[in-house]
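Please keep the sequence and the structure open while reading.

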Amino acid sequence: MMKKIALIGNPNTGKTSLFNQLTSSYAYVGNWSGVTVEKKVGKLKPLVHPGELSKYTDGASGASGQFRDLDGELIDLPGVYTLNPLTNDEAVVSQFLINEPFTDVLNIVDASQLQRNLHLTLQLIELGKPLVIGLNMVDVAKQHGMYINYKRLSQKLKIPVIPIIARTGKGCRQLTQQMATTYTETKTAQSFQIYYGHIIEKAITRIENELTAKTKKRLPLPARWLALQFFEGNSRVYDYLQSIIASPFLDQLYKEVQIAIKKTESQTIHHYIYRKRNQYIQSLLVDVEETTAPQATTLT
Ligand code: GDP
Ligand code: K
Ligand code: MG
């Protein structure tokens, strides 16, 4: 099967560097429709020769012992900190996720800026598509005396994490090998969930129920992701939802949740959801950030 892999990450995390390492030729270069934001699609190049396979099949990172050829395209999306479209770039990414057919997500994460980067990662996990994390800039993190225990990060998130240095290409073969390993969408969706508190959780269920009642269609994205993005104020997701659910229902529910969160938390829904993710990230970092090099670090 040909994979269409969306390359998503914060600005300046090495997306273009990684794109150039993983692709050989452009399948397409142009602009995203309606905006002057560059669209680049490249054909993945084979990075592992069958004779070398044993070196790159690392059981701990999730790859099975057998080499699988990776036939597919990589789509270089604009760098974003969140999916909530306040800028053109974020709008392009949200629009892409809702409307374009893609099979997998490759999330590039800056190891030296983990806390900031993981906000996007959590939203991509909620998306429920097969997801691999390319943990980039591990050399920069090391210069700061910081080591990310990527195996533990992978265990916690239940997502494959491959350390890379996109500038030199280190780790890229392992990354390709990991992406070639198939796993199901439901596995990602069930892998991990943040609990957003009873007000938000109840409201998510109401959106989920309304979607089930209003359409028999298979949704392109999980109802939970759509609901969370809607409550964060993602206007592209709102537009999508109101093609299925009547907008008075959405507006009324949003208002109720807004009032409830204001009353109990004295903040906006958007900030509340941000803070919930941040709390989780803080506790995660305690577990995965180390100041001495673990044995397994072989990249630098
Ligand atoms: P993008 O904005 O996400 O597309 O990031 P770029 O690929 O343009 O990279 C931003 C800068 O970081 C460039 O100067 C790259 O050479 C550099 N860079 C990318 N990956 C790495 C890495 O793993 N280590 C180091 N030290 N620099 C990197
Ligand atoms: K730069
Ligand atoms: Mg770039």
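Strand β4 is covered on both faces: G72, L74 and D76 are buried on one side, and E73 and I75 are buried on the other. Buried here means under 20% relative accessible area, exposed means over 50%, and partly exposed lies in between (1.4 Å probe, protein chains only). The model is predicted, so local features need pLDDT of at least 70 and side-chain atom pairs count only at pLDDT 80 or more, while totals for chains, interfaces and linings use all residues. Residues are numbered from 1 along each chain as its sequence is written, chains are lettered from A and ligands numbered from 1 in the order in which they are written, and side-chain values use heavy atoms, with hydrogens and water left out.

- Five of the five residues of β4 (residues 72-76) are buried, so the strand is largely enclosed by the rest of the structure.
- Strands (E, at least two residues) and helices (H or I, at least four) are DSSP runs, numbered from the N terminus.
- Two strands pair if DSSP finds at least two bridges between them.
- β4 runs parallel to β1 (residues 3-9), and five bridges join the two; L7 has D76 as its bridge partner in β4.
- β4 runs antiparallel to β3 (residues 38-44), with four bridges joining them; the partner of G42 in β4 is L74.

**Helix α1**
- In α1 (residues 15-22), the buried residues are K15, L18, F19 and L22.
- These residues cover an arc of only 105 degrees around the axis, which puts them on the same side of α1; the arc is that of the directions from the helix axis to the C-beta atoms.
- An α-helix has 3.6 residues a turn, so residues three or four places apart point the same way.
- The buried residues of α1 pack against β1, β2 (23-31), β3, β4, β5 (104-110) and α7 (172-180), where contact means heavy atoms within 4.5 Å.

**Annotated positions**
- An unreviewed UniProt entry lists N20 and T23 under "binding site"; such annotations may be inferred rather than shown by experiment, feature names are shortened, and positions are given in the numbering used here.
- N20 lies in α1 and is partly exposed, at a relative accessible area of 44%.
- Leaving out residues up to four places away in sequence, N20 touches Y26 and K45.
- T23 is in strand β2 and is buried, at a relative accessible area of 7%.
- Not counting residues up to four places away in sequence, T23 touches G42, K43, L44, K45 and L74.
- The T23 side chain reaches the backbone oxygen of F19 at 2.7 Å.

Notes:
Polar contact = N/O pair within 3.5 Å; in protein donor to acceptor, adjacent residues only side chain to side chain.
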